Amino acid sequence: MTEFKFFNKTIRVHQAHPAVISTGEVITYGELKIRIKALSKFLKASGLKRGMHAAILSGNNSDFIVLTLALWDLGAVPVPLNVRLLDEDLEKLTVHSEAKFLFIHEELKDRLPGDISSSKKIVFPVKWEEASDGAIEQEDSDLNECALILYTSGTTGVPKGVMHTFSTLLGSAKASDSLLRQTSSDRWLASLPFYHIGGFSIPVRAFLYGASVIIPPSLKAEDIAMAVEAFRPTLISYVTTTLRRLIETGVKPNPELRYMLLGGGPVDNELARNAIKEGWRAVKVYGSTETATLVSAVEIEEYPEKLSSAGRALPGNVITIVDEKGRETETGKSGEIVIKGPSVMAGYWNNSDETGKKLLKGFYYTGDLGHMDTEGYLYVEARRTDLIISGGENVNPLEVEDAILRHPKVKEACVFALEDKEWGQTVAAALVIKGNIETEELTGFLRNQLASYKIPRRIFFTEELPRTSLGKLRREYIREMFQM
């Protein structure tokens, strides 16, 4: 089953309806089909064949969408690359993915000047006169064939390329629609990068239901704010960094907005409260690249008592907490979060060892620690690798960060472990502050919030905390910054 068999009904019913909207350009579904078919014929003539991997280096734009769908039309596998990586890292991922083609958007044509001999390099978009708009023969494909490879952010050592099939991508889109209830009247703001699963999933969801995708000029907060005002989206997906910047600059949600998904990492309670106060209809979600985005969700304005929760499992998903021996824990007891559902990855590309560790008996072992309450709501406590063990006591860095962020002079916080001869590990924190604050003032404030062993013994002040392109704290990198 090819891409057009997924979207044929959408294209047929919504020929004149906008599929992609950006400043200065509107592409209808009918026009989108013409562009895809023209490009797929050009790619076939260029030697691209069914089953080949094709790396893509591009920001968010309509060209990325057209290229991805043209690759699917030919049965090829897109491998979007993070444009924020160093060239040497991009070259490693291109080689590791065994990409036979490397597509570089014209805006980034100066990147990757070196020769990657295993890949044919093409700058896109190609000129349309080079690609006839005639139809090409489509070959049937299986829903369980690989449709996407995405490399996880922050990977060290052997790269981990998450493989998703058409089945898992569709499974994710349909599960999320139990919450979103999309129609062709919806307008999705592409507010996350397409080279991350959260951004990539936006056009997949939209096109299944005949909705429109809005592409802002960039993913900077000011351009996203402009797109909110100009195009009035009904659905948005934000990471915490973006939402915080929008709230700080006084950006309000447009009246048409139905839901704002908030995820991509831990969401501190203070930010969630501010979002509700400012009128954003926030839905906290939990998921990962390996689960094709969200597997649980909670609308926090409707369920304020679940503010700290990551929600309940979406239909078709099973979320369980297990102990170190893989046995299900009692309700309320912490353990590793494991997930079974229609959107769980097929595995890691060319990495059977990691696949075997993470996929066991149909469940994906996330490496995250959490617990479930009696109503089935999930509470994410920490990543196992982030847990701090000080003097035999377990310290959840997210709990400490949440307490620190309640202080009105603290803007951002990252809590991490430093090695300590006496305690094994000691709790440390790096802070971005507003104005001036003394260490003694902060520790005094925290004594009313936390047990004494959880209060940071080392506090560092910095102007900025490094984050990934999705706004997640680069916790290990920050730890190394302040390791003495």
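Reader: So a helix here is a DSSP run of H or I, at least four residues, and a strand a run of E, at least two, numbered from the N terminus. Which element gives the most to the lining of the second largest pocket?

Author: That's α8, with five residues. Before we go on, this is a predicted model: local features need pLDDT of at least 70 and side-chain atom pairs pLDDT 80 or more, while totals for chains, interfaces and linings use all residues. Residues are numbered from 1 along each chain as its sequence is written, and side-chain values use heavy atoms, without hydrogens and water.

Reader: Got it. What's the volume of that second largest pocket?

Author: About 1,000 Å³. Its lining has 40 residues, and Arg84, Leu219, Lys220, Arg245 and Ser469 are the closest to the centre. A volume is the space filled by probe spheres set on the grid points, which are joined across faces, edges and corners.

Reader: And how is a pocket told from a cavity?

Author: On a 1 Å grid over the protein atoms alone, a cavity is a set of points where a 1.4 Å probe fits but cannot get out. A pocket is an open set with protein on both sides within 12 Å along at least five of seven lines, and lining residues have an atom within 4 Å of a point.

Reader: Which elements supply at least two residues each to the pocket lining?

Author: α7 (221-231), α8 (240-248) and β24 (410-420).

Reader: OK, cavities then. How many of 30 Å³ or more does the structure hold?

Author: Six of them. Two elements give two or more residues to it, α3 (62-73) and α6.

Reader: Which element has the largest share of that lining?

Author: α3 does, with five residues.

Reader: What does the backbone do just after α6?

Author: Gly210 sits there with a positive phi of about 75°.

Reader: Which non-glycines take a positive phi?

Author: Arg181, at about 50°, and Thr293, at about 80°, are two of them. Arg181 is in the loop between α5 (166-180) and β9 (187-189), and its relative accessible area of 59% makes it exposed. Thr293 belongs to strand β14 (residues 293-299) and is buried, at 9%.

Reader: Where's the cis peptide bond involving Pro125?

Author: Between Phe124 and Pro125, with omega at about 5°. Pro125 lies in the loop between β6 (120-124) and β7.

Reader: β7, what sheet is that in?

Author: An open sheet of three strands in the order β7-β8-β18, with antiparallel pairing. β7 (146-151) and β18 (347-348) are its edge strands, each pairing on one side only. Two strands pair if DSSP finds at least two bridges between them.

Reader: How many bridges between β8 and β18?

Author: Two, with β8 covering residues 161-165. Met163 has Gly347 of β18 as its bridge partner.

Reader: Last topic: β17. Mostly covered or mostly open?

Author: Mostly covered, as five of its six residues are buried. Val338 lies in this strand, which runs over residues 335-340, and at 2% relative accessibility Val338 counts as buried.

Reader: What does β17 pair with?

Author: Strand β16 (residues 318-322) pairs with β17 in the antiparallel sense over five bridges, and Val322 has Glu336 as its bridge partner. Strand β20 (residues 363-372) also runs antiparallel to β17, joined by four bridges. There, Ile339 stands opposite Tyr364.

Reader: How far apart are Val338 and Leu369 in space?

Author: 9.4 Å, C-alpha to C-alpha, though they are 31 residues apart in sequence.

Reader: And which parallel pair does β25 form?

Author: β25 (residues 424-433) pairs with β26 (residues 458-461) over four bridges. Leu431 has Phe461 in β26 as its bridge partner.

Notes:
Buried means under 20% relative accessible area, exposed over 50%, partly exposed in between (1.4 Å probe, protein chains only).
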